Structures are given as C-alpha cells and as structure tokens.
Amino acid sequence: MMHLINKFFGRGSNSKEDAKQRLKFLLIHDQVDMTPAQLEAMKAEIMEVIARYMDVDQSDTVFKLERLQDKVALVSSVPVKRVTARSALHGTA
Amino acid sequence: MSQCIVITSGKGGVGKTTTTANLGVALALLGNRVAVVDADIGLRNLDVVLGLENRIVYDLVHVIEGECKLKQALIKDKRVEGLSLLPAAQTRDKSAVSPDQMRRLVAQLKETHDYVLVDCPAGIEQGFKTSIAGADRAIIVTTPEVSAIRDADRIIGLVEAAEMPEPELIINRYRRNMVRAGDMMDKDDILEILAIPLIGLIPESEEVIISTNRGHPASMDADSIVGEAMRRVARRVHGELEVPFAALEQDEGMWVSFKRWMGLAPAREVVG
C-alpha cells in the first residue's frame, strides 16, 4: 500500500541509495583488494596493540575503508575509557 | 591545433559507438573536419550506426598493412560536410594493430582533420591500449548503473596511468523520471564518485533506437532531444565553456506536469 502511495506521489523506493552504497563499497574493495576476513583480522591485531596501552570500548569501535579523492583511507574510531599505560609512558620519557 | 579524442567506457553496451557517431556529426556541423575511427577490430559497428556500411571498400587494417592509402579507406559522409569514417576490419582481430601503428595512423589523420575520434572497444585489454595510444584526450561514457560506473572508475585509473590529461564524462541513458523517483543515481551522485568533469548528460530516448535502425545519427536531426544533448557536448568539446545543462523537453505526460503544478513533484531535472 505504502508502495502504491509513494508511486502515486512520484516517490520511488529510493533504490538509488542502495546503488550508491554498493558502488562505494565495490570501488574501495576493487582498489584495496582485501577480503572482509582479512580486514577483521587486521582490526583484531590493531585492537590488541591498543589494548596494551588503553582501556577501550570494543563495542563502539569502528574500522572502515573510505575513499578520499583518489586515495583510500582507513578510518577508525576507538572510544577510549581510560589510559592504562600512563605510568609506563612517563617512565620511558 | 588538431586533437585526437578516444571515446571509452570499459563496460560494453553503454553507448560508446552511438556517442562517437553523434559527436563526430555534431563536431562536423560546427564546421570542423572530423575523422571517426572504428578501433573495434573484428566487431565493427560504427559504420552501421552512421549508415555508411554499404560504402566500405578498404579498412583500418588495410591502411596499416599498406594495402591502400589512408585517403582511399576514408569514407566521406555525403550528408555532413567534413565528416569521414575510417572503418574497422571485420575479419581480423585486435592483434592486427599495435599501439605504435595506431599512434602513427592518428598522427597522419591529424594532418588533415581538426578532430580524430576513436571509438574504443569494450574491455581493458589490447584493443583498449591500442585505442588510447594516439589520443590527446579521453571521454568516458557511462550509464547511471553500478556496473557501468564501476568500470568507468577503473578506466579513469588506466587513462591517468597512461599519463593522459584528466578524462571527461558523458552520462548516457539518463532517465529523469527515475532520478526524480529516487530510483536512479543522479548526475551529482555519479560525479561525487567518479570525480571527473561532466561534459555531457544524454537522456534515454527511443529516438536512439530509431536513428540507429535508420543509420541516421540523432545529432543530424534539429528537433531530436538526444541530438540537441549531443550537439551541446560537441560545443563543450570544441571549447565553448558556458554551455548550460539546461532542461530539454522530454515527454513526461500531463500527470507529472499537473503534479509539478500542485507542488507534488520536484522542479525540472536538468538534462543536456
């Protein structure tokens, strides 16, 4: 019904957003040539290193590949709860 | 200064040949001497789209192998002053022409023409490499679909790797109604992803099927909307900077007009 109403008012299913998102994902992976499993493995290793120095919120962590002009960037957001290695860092200074 | 432009896309079936034919006609109508070259050796089609298939005696491979002079192989279009076609060989394959041979052929064509347009075969293999060899500039043709845009992105990378200037984009088969309904990526979505300048926005139209049936490119018709969009591309290619991407009348029916009047449909999409 909603579909018909939308059609009546000239609003479609907005499938172009699906197309755009799929395309962006494709183009990044065409360029990077990394499987989702490899990406997951990399994320796990990076998190392991970060965890040595900081207490982070694993559930809110984001790792994603983004296209910036003609380059691909790894964009990540890792919320920090607490820096656990403060004394260790001071020690080396 | 004459220049060679390669029309390419990666993906097949997006309208490279139709675009080459129409752009060739439109550039000639602006008073230029234009040679259109079919580089799709083994699968020639530009002759058919231009309606010149019955006049082929010699082809590109004959010229390269020295069996005839360039002038003998060039078919002058009697309908459009200044337009000539160099057809592809039909019984050979892509290995018949090397990039160096293409470069020399293009250089020779540039001596007597203002524009040399090369219709590139689909794909990224030898035929593509040969086609871009003599080109000063590339025009990428795409349609508003995931697969075509993905391939266009790949081709843009290859053109840049070949140290050619930044290519320009033609979006073909644009359907305003579907864009308006949110069911087709609009020109800004595509430009955001491909990040190259837009040089043409060609509406989808049944006119193209009819003109291809007849071997009479749309840009020869003064009142064709596709022809008008193609003539605008030619003006931009020829260096006219401020050619608007203005709304072209497309049959949208009374109902859509009524909805627009009621404020229920968005403003006119620009096409051209």
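Trainee: Which element supplies the largest share of the lining of the largest pocket?
Mentor: This is a predicted model, in which local features need pLDDT of at least 70 and side-chain atom pairs count only at pLDDT 80 or more, while totals for chains, interfaces and linings use all residues. Side-chain values use heavy atoms, leaving out hydrogens and water, residues are numbered from 1 along each chain as its sequence is written, and chains are lettered from A and ligands numbered from 1 in the order in which they are written. The largest share, 4 residues, comes from H10(B).

Trainee: How much space lies in the largest pocket, and which residues are closest to its centre?
Mentor: A pocket is an open set of points on a 1 Å grid over the protein atoms alone, with protein on both sides within 12 Å along at least five of seven lines, whereas a cavity is a set where a 1.4 Å probe fits but cannot get out; lining residues have an atom within 4 Å of a point. With grid points joined across faces, edges and corners, and volume taken as the space filled by probe spheres set on them, the largest pocket holds about 800 Å³. Of its 39 lining residues, the closest to the centre are B:Arg173, B:Glu204, B:Ser205, B:Val208 and B:Ile209.

Trainee: How many charged residues does the lining of the second largest pocket have?
Mentor: This pocket, with about 470 Å³ of space, is lined by 22 residues, and those nearest its centre are A:Arg67, B:Asp153, B:Arg154, B:Ile156 and B:Gly157. At least two lining residues each come from H2 (15–32) of chain A and from H7 (146–161) and H9 (187–194) of chain B, with H7(B) giving the most, 8 residues. Ala, Val, Leu, Ile, Met, Phe, Trp, Tyr, Cys and Pro count as nonpolar, Asp, Glu, Lys and Arg as charged, and the others, Gly among them, as polar. On that basis the lining has 8 nonpolar and 5 polar residues, and the number that are charged is 9.

Trainee: Are H2(A) and H7(B) roughly parallel or roughly perpendicular?
Mentor: Their axes come within 10 Å and cross at roughly 30° (axes are lines fitted to C-alpha atoms, for helices over the stretch in contact, with angles from 0 to 180 degrees between N-to-C directions). Angles under 35 degrees count as roughly parallel, over 145 as roughly antiparallel, 65 to 115 as roughly perpendicular and the rest as oblique. That makes this pair roughly parallel.

Trainee: Which residues of H9(B) meet H2(A)?
Mentor: The axes of H2(A) and H9(B) come within 11 Å and cross at roughly 10°, and the two helices are therefore roughly parallel. In their contact, where heavy atoms lie within 4.5 Å, H2(A) brings A:Lys16, A:Lys20, A:Leu23, A:Lys24 and A:Leu27, while H9(B) brings B:Asp189, B:Glu192 and B:Ile193.

Trainee: How many nonpolar residues are in the contact of H1(B) with H11(B)?
Mentor: H1(B) and H11(B) pack at an angle of about 65° with their axes 8 Å apart, and are therefore roughly perpendicular. H1(B) contributes B:Thr18, B:Thr19, B:Asn22, B:Leu23, B:Ala26 and B:Leu27, and H11(B) contributes B:Met230, B:Arg231, B:Val233, B:Ala234 and B:Val237. Besides 3 polar residues and 1 charged residue, the nonpolar ones number 7.

Trainee: Which helix gives the most to the lining of the largest cavity?
Mentor: Across the whole structure the search finds 1 cavity of 30 Å³ or more, and the largest cavity has a volume of about 60 Å³. Its lining consists of B:Ala39, B:Ile41, B:Leu60, B:Lys94, B:Val97, B:Met102, B:Gly127, B:Thr130 and B:Ser131, which divide into 5 nonpolar, 3 polar and 1 charged. The most, 3 residues, comes from residues 126–133 of chain B, helix H6.
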